[in-house]
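Here is a brief report on one structure. Keep the sequence and the 3D view open while you read.

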Amino acid sequence: MKEVVLNNLLDLIIKYKNYDKTKLLEIKYGLEVLYLTITKFIVISIITLLLGIFKEFVLLFFIYGILRTTGFGLHANNSKDCYIISIIIYILFPLLLKNLHIEELYLLITSIISLIIIIIFSPADTEKRPLINKKKRIILKIITSIISIVYIILIFIIKSNYYKNILLFSLILEALAVNPISYKLLGLRYNNHKAYNQKGVK
């Protein structure tokens with residue numbers, strides 16, 4: 001089903017504009033990410049509605065998604081693994097975070113460690129989507145760092161324990177997603193832009 005949808009969309013794009021092979025691969029990857037995101041959102045939305053945690057899921061999805069949009073980070077090797085990881089993140093953890101209380105000292109230590117990791121390693125690219133442009137990487141790093149700092153400030157301003165947990169968990173997730181150790185543990189190549197020249201050719 002996924003390949004049928006992607007191929008039809010690519011055919012539609014090619015019909016209106018000619019792209020080289022490299023550009024088409026980039027477009028296909030972007031469409032694949034979009035397709036998986038939409039289908040995952042629908043499936044997980046149904047499950048969370050049944051479990052009564054839809055609001056919590058949406059909150060985590062968007063708060064972490066904001067960081068992920070500029071910080072990027074690793075992706076699962078295949079759709080199956082992606083679904084499993086997404087279910088753990090967006091279904092299991094919202095259930096756990098509802099009743100979790102973390103002392104402010106540990107909130108501070110964990111958030112600062114996450115921030116340092118994010119500042120050092122974001123944005124982290126993938127083999128399918130290398131961040132070739134150096135200027136763009138710097139801009140993305142600055143934006144991601146600012147967003148992370150804002151999250152930390154919010155953690156110590158807001159009163160809701162659950163919102164604190166969501167913000168902290170989003171920081172931890174992004175710190176794990178951009179960390180080279182995570183890439184190594186999953187057998188993924190890190191700093192993929194180094195394997196490409198400025199034209200995007202290996």
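This is a predicted model: local features need pLDDT of at least 70, side-chain atom pairs count only at pLDDT 80 or more; totals for chains, interfaces and linings use all residues.

Begin with phenylalanine 72, in the loop between helix H3 (54–71) and helix H4 (79–97). Its phi is positive, about 55°, although the residue is not a glycine. Most residues other than glycine have a negative phi. Phenylalanine 72 is also buried, because its relative accessible area is 14%, under the 20% cut-off.

A cis peptide bond joins serine 122 to proline 123, with omega at about -10°. Most peptide bonds are trans.

Aspartate 125 lies in the loop between H5 and H6 as well. Aspartate 125 is buried yet has no salt bridge. Which side chain of opposite charge is nearest to aspartate 125? That is arginine 137, 6.2 Å away. Leaving aside residues up to four places away in sequence, aspartate 125 touches Pro130, Leu131, Tyr183, Asn191, Asn192 and His193.

## The nonpolar core

The largest nonpolar core has 34 residues. Leu60, Tyr90, Tyr151 and Leu171 have the most contacts inside it. The elements that give two or more residues to this core are H3, H4, H5, H6 and helix H7 (161–178). H7 gives the most, with ten residues. In soluble globular proteins, nonpolar side chains tend to be buried together.

Look at tyrosine 151 in detail. Its contacts are Ile63, Ile66, Leu67, Leu167, Ser170 and Leu171, not counting residues up to four places away in sequence.

H7 is largely enclosed by the rest of the structure, because 14 of its 18 residues are buried. Its end C-alpha atoms are 26 Å apart. That agrees with the 26 Å that its 18 residues should span at 1.5 Å a residue.

H4 has 19 residues. From its first C-alpha to its last, H4 reaches 26 Å, close to the 27 Å expected. The buried residues of H4 are Cys82, Ser86, Ile89, Tyr90, Ile91, Pro94 and Leu97. An α-helix has 3.6 residues a turn, so residues three or four places apart point the same way.

Serine 148 is found in helix H6. It counts as buried because its relative accessibility is 0%. Where does the side chain of serine 148 reach? It meets the backbone oxygen of threonine 144 at 2.8 Å. Serine 148 also touches Leu67, Leu115, Ile118 and Leu171, again not counting residues up to four places away in sequence.

## One salt bridge

How many salt bridges does the structure hold? It holds one. The side chains of glutamate 56 and lysine 98 form it, at 3.7 Å from N to O. Glutamate 56 lies in helix H3 and lysine 98 in the loop between H4 and H5, so the pair ties together parts that are 42 residues apart in sequence.

Are the two partners buried or exposed? Glutamate 56 is buried, because its relative accessible area is 10%. Lysine 98 counts as partly exposed, because its relative accessibility is 38%.

How values were computed
Residues are numbered from 1 along each chain as its sequence is written. Side-chain values use heavy atoms; hydrogens and water are left out. Helices (H or I, at least four residues) and strands (E, at least two) are DSSP runs, numbered from the N terminus. Buried means under 20% relative accessible area, exposed over 50%, partly exposed in between (1.4 Å probe, protein chains only). Lys and Arg count as positive and Asp and Glu as negative; His and the chain ends are not counted. A salt bridge is a side-chain nitrogen of Lys or Arg within 4 Å of a carboxyl oxygen of Asp or Glu. Contact means heavy atoms within 4.5 Å. A nonpolar core is a set of buried Ala, Val, Leu, Ile, Met, Phe, Trp, Tyr and Cys residues joined through side-chain atoms within 4.5 Å. The expected span of a helix is 1.5 Å times one less than its number of residues. A polar contact is a pair of N or O atoms within 3.5 Å; within protein, one must be able to donate a hydrogen and the other to accept it, and residues adjacent in sequence count only if both atoms are side-chain atoms.
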